[in-house]
Amino acid sequence: MRIDATERRIIKATQAGLPLVPRPYAAVAAQLGMEEAELHDRLRALKARGVIRRIAVAPNHYRLGLVANGMSVWDVDDTRITELGQRVGALDFVSHCYERPRTLPHWPYNLFAMLHGTSREEVEALRGEVAAILGDACRGNDILYSTEILKKTGLRLRPEKG
């Protein structure tokens, strides 16, 4: 997949994150000497071509004081997973929620939801809230706690050969 020189400059200007200012796209556009609308158009085009998948916030939960982070896994009735997954994903303490296929017989879970709290006790209480939403559509669950941040980066371009 090829990108032009302007697209390369956009990716390099944003690959470490957007600036923490009220209008981050305007700041990036100014840095690149282009109009904000052009930057938006080019980012949409990069996304449409599959060069980038999304632009998202990737907070460091530990620095925010959310030191107990657990990936909760749930065995949810397939006929209800879409509706229930949307409800779980809308909770303010869930940073991401998604469906994955089961790997039977060893892994019966098909709904994953990352829960964040200031302690494991808080996360366990939040897990109880998720369980209440899932109700009898849930046949089992577990939680896997994070011990460190392994990766918090997005697209990175290789340096150009000079």
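Here are some friendly notes on the sheet and the nonpolar cores of this predicted model.

1. **Ground rules.** Residues are numbered from 1 along each chain as its sequence is written. In this predicted model, local features need pLDDT of at least 70 and side-chain atom pairs count only at pLDDT 80 or more, while totals for chains, interfaces and linings use all residues, and side-chain values use heavy atoms, with hydrogens and water left out.

2. **The sheet.** Four strands form an open sheet in the order β2-β3-β1-β4, with antiparallel pairing. Strands here are DSSP runs of E, at least two residues, and helices are runs of H or I, at least four residues, both numbered from the N terminus; two strands pair if DSSP finds at least two bridges between them. Because β2 (94–99) and β4 each have a single partner strand, they stand at the edges, with one side of each lacking a neighbour in the sheet. Direction ignored, neighbouring strands are turned by 20° against each other on average.

3. **β1 with β4.** These two strands pair in the antiparallel sense over 7 bridges. Val 73, for instance, has Asp 142 in β4 as its bridge partner.

4. **Helix α4.** This helix lies across β1, β2 and β3, and runs at about 170° to β2. Such angles run from 0 to 180 degrees between N-to-C directions, with axes fitted as lines to C-alpha atoms, for helices over the stretch in contact; contact means heavy atoms within 4.5 Å.

5. **The cores.** The largest nonpolar core has 21 residues, and Trp 74, Val 76, Val 88, Leu 115, Val 130 and Leu 134 have the most contacts inside it. A nonpolar core is a set of buried Ala, Val, Leu, Ile, Met, Phe, Trp, Tyr and Cys residues joined through side-chain atoms within 4.5 Å. Buried means under 20% relative accessible area, exposed over 50%, and partly exposed in between (1.4 Å probe, protein chains only). At least two residues each come from β1, α4 (81–89), β3 (111–117), α5 (120–134) and β4 (138–145), and α5 gives the most, with 5 residues. Apart from this core lies another, of 12 residues, among them Ile 10 and Leu 43.

6. **Val 76.** This residue of β1 (residues 68–76) counts as buried because its relative accessibility is 0%. Leaving out residues up to four places away in sequence, Val 76 touches residues including Ile 81, Leu 84, Leu 111 and Leu 134.

7. **Ser 72.** Also worth a look is Ser 72, found in strand β1 and buried, with a relative accessible area of 0%. Its side chain makes a polar contact of 2.8 Å with that of Trp 74. A polar contact is a pair of N or O atoms within 3.5 Å; within protein, one must be able to donate a hydrogen and the other to accept it, and residues adjacent in sequence count only if both atoms are side-chain atoms.
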